[in-house]
Amino acid sequence: MKIRTRYAPSPTGRMHVGNLRTALYAYLIAKHEGGDFLLRIEDTDQEREVEGAVDIINRTLEETGLVHDEGPDKDGGVGPYVQSERQKQGIYLEYAKKLVEKGEAYYCFCTPERLESLKTVVNGEEIMQYDKHCLSLTKEEVEENLKKGLPYVIRQNNPRTGTTTFHDELYGDITVDNAELDDMVLIKSDGFPTYNFANVVDDHLMGITHVVRGNEYLSSAPKYNRLYDAFGWEVPVYVHCPLITDENHKKLSKRSGHSSFEDLVDQGFLPEAVVNFVALLGWSPESDEEMFTLPELVKEFDYHRISKSPAVFDMVKLRWMNGEYIKKMDFERFYTLAEPYLKKAIARPLDLRKIAAMVKTRIEVFPDIPAMVDFFQEVPDYDTALYTHKKMKTDPEKGLALLQEVRPLLAAQEDFTNDALFEALKAFGEEKGYKTGYIMWPIRTALSGRETTPAGATEILDVLGREESLKRIDAAIEKLSAEV
RNA sequence: GGCUCUGUAGUCAAGCGGUCAAGACGUCGCCCUCUCACGGCGAAGGCCCGGGUUCGAUUCCCGGCAGAGUCACCA
């Protein structure tokens, strides 16, 4: 049988990385076997719905390469693929009524106030289990309430005794007491289905074979199982993915600042690096390999190798991986992406391509660029202590002398390019008995005012050009003369 | 608090009864080097605890403990 998986987000904002990974795994499970990956929009909560969120979902899926075979924009014959549209067609109510007829669900007219009174607080958390109050209503009473137009919901009727067992591909068989199963709402008073219900109905109607979701649904899975059984439907293969947590081992929340794909893109991460990184959070390949393109993941992915324990989202490693992608990146693409950041720091008419090349192996994320190259624009105010370097055997005094010595040489240098400059300075050093570092350190300091730079002295001379370089050296000589 | 899940270095994570317990990030050291980075080499660091089962447990079982998830007319 052809595998069919789905990604079923609710349009409430940016795409959480946990959801992104779930989508990725669902995609990989399907594609590894040549199956279908569908997109279904679960917009049953009109309150939480955010304008433009569907666009974000589409854009994210496109940027990450998780292209769906069926969805709102690609009819595969089991649509519509948007739950609010399905609701309009009366699909959910129709199925809910079937359950009522079977005694597997019932109408509930309880007021919000009554429901509120059922809540208790444990450890600061409100918990609530419905007491089946409305289950005792007679058919006539229900009819009458309905006729009166009283607001109602339809609840699942779960047994109070016995146990329910369901099977998860990763976690195995899980058995719970039915007494733990709340009579969850299937149809809300506004006529919309809850996630709990719509999910089951749609997964069945759309022929989903493998349900991939986060493991926060693990505890409600038995209730979904009972729904499938009540309908007489085949239960899909469940794959509950382990949670992704923050550094405190808590479920990753919006507050962490990097919880969504778009947050990460805003911070300068590459979509392919994020996908690669997230794939490895909770899954590992057979080999030691860590760098994977999406097609490679499709080839390698075996969902049986998904781990069961939660994984901390490690920004440090993501940064490393992003840096790896940047280093491997084709220069033209790199330059296109780097240019805006270079321009943020540099307004002079310098050769930005040369500067981009300097920075390519040194950044992990594009926003690292400005702080690394801003000295090209202007030498920052610096302490002359920078001229002291033990290994180079130099200090402000020697630096001053060196700069004075080397200044006329640079002024006379015809070929002001990196290689030529290096040769000239090296020759000068050999003549004087200076080591290369002894010469380069003061020059680089004078040029940049920085302890570390993304390039050597001669490369900086090259980019700055003779005029600006001499200006900076003169300024340094002046500064040093005043202080030494 | 009930229920459920999880428990290999700071983090990700191999392992599926016998291993000097892979690998990666990070950390530290060395090399390379006109600084830094890249690259190369190396080091430190781990099987939650207690019982079993077994000739032998990181691995299987039980019990603790710890962490997490969940207990909505949110998904």
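This is a predicted model: local features need pLDDT of at least 70, side-chain atom pairs count only at pLDDT 80 or more; totals for chains, interfaces and linings use all residues.
Me: Where is E290, then?
Reply: E290 is in the loop between α10 (271-279) and α11 (294-300).

Me: Is E290 buried, exposed or partly exposed?
Reply: E290 is partly exposed, because 14 other C-beta atoms lie within 10 Å; a residue needs 20 or more to be buried, and 12 or fewer to be exposed.

Me: How far apart are E290 and A311?
Reply: In sequence, E290 and A311 are 21 residues apart. In space, the C-alpha to C-alpha distance is 16 Å.

Me: Changing topic, how many helices and strands are in chain A?
Reply: Chain A has 19 helices and 13 strands. Its radius of gyration is 32 Å, well over the 23 Å that the globule rule gives for 484 residues, so chain A is more spread out than a compact globule.

Me: What does the C-alpha trace span?
Reply: Along the principal axes of chain A, the trace spans about 105 × 50 × 35 Å.

Me: What share of chain A is buried?
Reply: Buried residues account for 35% of the 484 residues.

Me: Which residues touch the most other members of the largest nonpolar core?
Reply: That core has 71 residues, and L24, Y25, A26, A96, V274 and V278 touch the most other members. Helix α1 (residues 17-32) gives the most to this core, with 10 residues. Another core, of 38 residues, lies apart from it and includes V359, V373, I439 and M440.

Me: Why might nonpolar side chains be found together?
Reply: In soluble globular proteins, nonpolar side chains tend to be buried together.

Me: Back to Y25: what does Y25 touch?
Reply: Leaving aside residues up to four places away in sequence, Y25 touches V212, C241, Y303 and I306.

Me: Now the RNA. Which residues are closest to RNA strand B?
Reply: The closest are M128, Y195, K251, S309 and G456, among 71 residues that surround RNA strand B.

Me: Which helix gives the most to that surface?
Reply: Helix α18 (residues 436-448) gives the most to the surface near RNA strand B, with 5 residues.

Me: And how do the residues of that surface divide?
Reply: The surface near RNA strand B comprises 28 nonpolar, 22 polar and 21 charged residues.

Me: Lastly, what are the confidence scores?
Reply: Chain A averages a pLDDT of 95, and 100% of the residues score at least 70. For the model, ipTM is 0.95 and pTM is 0.95.

Definitions and conventions. Residues are numbered from 1 along each chain as its sequence is written. Chains are lettered from A and ligands numbered from 1 in the order in which they are written. Helices (H or I, at least four residues) and strands (E, at least two) are DSSP runs, numbered from the N terminus. The radius of gyration is taken over C-alpha atoms; the globule rule is 2.2 Å times the number of residues to the power 0.38. A residue is near a molecule or strand if its C-beta atom, placed from the backbone, lies within 6 Å of it. Ala, Val, Leu, Ile, Met, Phe, Trp, Tyr, Cys and Pro count as nonpolar, Asp, Glu, Lys and Arg as charged, and the others, Gly among them, as polar. A nonpolar core is a set of buried Ala, Val, Leu, Ile, Met, Phe, Trp, Tyr and Cys residues joined through C-beta atoms within 7 Å. Two residues are in contact if their C-beta atoms, placed from the backbone, lie within 7 Å. pLDDT is the predictor's confidence in each residue, from 0 to 100.
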